[in-house]
Amino acid sequence: MSGNRLAALAAVLCFSQAYGALPDEIQVYTDDVNAPGERGIELHVNTTPSGRSRPDYAGEVTPHHGLRITPELSWGLVPDVDWGLYLPFVRSGEGTDYFAGPRFRLKWMPLRGKPGYFAGVNGELSFVERKFEEARRTIEIRPIIGYRGKAWLASFNPQMSTDLAGPDKGVVTFHPSLKLSRDVGERTALGFEYYADLGRLSHFAPGSEQSRTLYFVVDTEQVNFGIGRGLNGATDRWTLKSIISF
């Protein structure tokens with residue numbers, strides 16, 4: 001294989017690793033956790049009016065003009081621990097409907113409100129159709145570190161994930177996210193959320209190939225709504241997202 005072909009192949013591999021997988025859940029985790037026996041229902045809805053339309057691998061459904069609707073059911077198990085189930089449904093830009101496959105999560109929040117700091121971890125196991133994630137089976141570890149004051153909320157999620165099958169099995173990738181918001185009324189907060197996909201934890205992708213998105217967000221007691229703008233050419237240009245709590 002010629003040097004030019006090798007360089008092109010390396011660029012494609014780095015490019016594919018820089019993208020996030022199925023964007024059904026766009027959320028920075030904070031200090032919320034269900035009490036023992038408490039049940040929760042949330043609906044994640046997001047769409048990409050302008051985004052990637054070229055598949056990273058044969059058969060992939062790309063985000064461009066796609067709509068993702070994901071019910072999340074959660075239950076409190078014991079103090080500071082709950083678990084949840086995601087059921088992502090996708091309508092592609094061509095109008096085809098899919099059930100992407102289930103995701104299971106377990107969250108532990110041992111430190112909350114001391115005085116306003118919080119810390120915990122969330123683990124997630126996914127079984128997703130190959131149309132959306134090439135490996136199909138993935139695992140994610142999401143540490144949660146933050147502070148909730150009288151008016152301010154800050155949370156950082158240094159998330160890591162790895163494939164359980166496929167050519168990148170066991171390769172750890174890094175997807176940090178950050179939320180900063182301030183109350184502007186009794187039940188409303190405004191702020192920003194930042195999401196990045198930096199590629200392999202052992203060797204980050206070049207900056208121009210890392211996915212980076214900044215959202216302007218509005219939070220109420222029942223709704224999180226955000227308008228996201230990709231910050232470079234390796235990112236979907238515009239994404240709209242919302243989380244509705246019932």
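View 1. The mean positions of the 27 positive and 28 negative charges of the protein lie 2 Å apart. Residues are numbered from 1 along each chain as its sequence is written. Because the model is predicted, local features need pLDDT of at least 70 and side-chain atom pairs count only at pLDDT 80 or more, totals for chains, interfaces and linings use all residues, and side-chain values use heavy atoms, without hydrogens and water.

**View 2. Ile-145 on its strand.** You'll find Ile-145 in strand E8, which covers residues 137-148; strands are DSSP runs of E, at least two residues long, numbered from the N terminus. How much of Ile-145 is open? Its relative accessible area is 46%, so it counts as partly exposed (buried is under 20%, exposed over 50%, partly exposed in between, using a 1.4 Å probe and protein chains only).

View 3. Skipping residues up to four places away in sequence, Ile-145 touches Phe-118, Ala-154, Ser-155 and Phe-156, where a contact means heavy atoms within 4.5 Å. Now look for Lys-179: it is 34 residues from Ile-145 along the chain, and their C-alpha atoms are separated by 11 Å.

**View 4. Stepping back to the whole protein.** Taken along the principal axes, the C-alpha atoms fill a box of roughly 60 × 40 × 30 Å. Of the 246 residues, 42% count as buried.

Methods
Lys and Arg count as positive and Asp and Glu as negative; His and the chain ends are not counted. The place of a charge is taken as NZ of Lys, CZ of Arg, CG of Asp or CD of Glu. Helices (H or I, at least four residues) and strands (E, at least two) are DSSP runs, numbered from the N terminus.
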